[in-house]
Amino acid sequence: MLLSHGTYGIRRSRSRLDVSVLLGLTIVLLYVLPGTLIVPNLTYAGRPALLLALLLFAWWCLVRLNPRLLLVGPQPIRWVLGLYLVAHLMSYLAGLLRGLPTQEANAQDFATLQLLEFLGVALIAADGIRNWDRLNRVLQVAVWCTGFMAIVGIIQAVFKYDVSTHLVIPGLEVKGGLAGFGQRGDEGQFRVAGTTVHYIEYGAVMAMMVPFGIHVARFAPRRSHRRLAAVCAMLAAVANPMSISRTGIVALALALLVMVPVWSWRLRYTFLFLGAGAVMAIMFLKPGVLGTLKSMFLNVGVDPSIEGRTNDYELVGHFFDQRPWLGRGPRTLLADPVRDTILDNQWLYTVVTGGVVGVFALLAVHVVSIALAVIAFRRATREEDRHLCTALVSAQLVAVVVGGTFDSLYYTTFAISLALFVGLSGAVWRLTHPARIIRTSTVRGFD
């Protein structure tokens, strides 16, 4: 039927199962279930959330094969992720050509499977989210699940009780054990990981999600949702230091620093007040944590973890000289305590395993995502949309920075979260585009 000049609509049954629902389910499985909980007899890529992400990739591929279903119009995220996939496959072939032992060959296959899961979430979010309302529903689910994961970490830190042991679902198995607790600091402080598999990953995810919690707390249409999101954002900010990680603190500071310019002065003052409340809550719930973090920053020069990272530079140079362009092959630099090849640096790891081409492709994913969010920010006419675009920029900058402090893409909770925000950057670019044919699908046969 004709709605206006050049605009047509069609009657169709309302579908309750769409991309936003499946993305929300992926987030629930990713954040609520422990990171080491997998389908029996599978690798870590067999987490329920990751298997669903793999199905999303298959769904996106099938849609692209049908001219009546695919979303017409350009989408830069498709091109940059295609470049990322090509770079990965070139490195994969380079690894095969040099000859791989069984363990490294399996690692390459695992990395490829995880990449497809990454692509599934990013592409389906960029092309499949229908409108702003469905996008906001995905964000709400992500924020609420973040609040749950924050509560798990806070309970672990305050009571030294691993509540994640009660989140094991019958029919699934725990691979390698749960994260447990890790000692850190001279005062007997211990680290927690919530439902993730590593303490640094936990701090990074909490930091990345705080701006989105603030976004939902400001702009959710229902007052109950705004209040719940505000609580979740505060819980994430309080849980972040519980991992006792410099990475988490730096990531949280960076994420909030990016958000400050788009806030009003009233909101900035409110945030300072809430920040002071969060600090007092941390001091009350877990005495000594802030002192441990302070000493970690003041004693950087004598910290063995920092020294171990800098000692890796010579080893990285050795591997880079051997294969500078395509590297050794995806994830073929395996952890070896004898040779001390745990780099704890995603960028250096990509240099070794993917070469210059791999680093360029990974950097392009971040740069294009930031560029699309900035373009959408300039196009947007609503404060809500501009605030979301800024939060997406903060997520990418956090990912770039924390990639220098741990192997970020190895840890699937962080990696899939990043994939979601890459896809949402493409979605906001599409939804703010002035051409209707790009914003949404069109009726074929009409101009």
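Me: Is Lys160 buried, partly exposed or exposed?
Reply: This is a predicted model: local features need pLDDT of at least 70, side-chain atom pairs count only at pLDDT 80 or more, and totals for chains, interfaces and linings use all residues. Residues are numbered from 1 along each chain as its sequence is written, and side-chain values use heavy atoms, leaving out hydrogens and water. Buried means under 20% relative accessible area, exposed over 50%, partly exposed in between (1.4 Å probe, protein chains only). Lys160 has 48% relative accessibility, so Lys160 counts as partly exposed.

Me: Where is Ile244, and is Ile244 buried or exposed?
Reply: Ile244 sits in the loop between H7 and helix H8 (246–259). Its phi is positive, about 50°, although Ile244 is not a glycine. Relative accessibility is 0%, so Ile244 counts as buried.

Me: How do the axes of H5 and H7 cross: parallel, perpendicular or oblique?
Reply: The axes of helix H5 (residues 132–159) and helix H7 (residues 223–239) come within 8 Å and cross at roughly 40°. Angles under 35 degrees count as roughly parallel, over 145 as roughly antiparallel, 65 to 115 as roughly perpendicular and the rest as oblique. Therefore H5 to H7 is oblique.

How values were computed:
Axes are lines fitted to C-alpha atoms, for helices over the stretch in contact, and angles run from 0 to 180 degrees between N-to-C directions. Helices (H or I, at least four residues) and strands (E, at least two) are DSSP runs, numbered from the N terminus.
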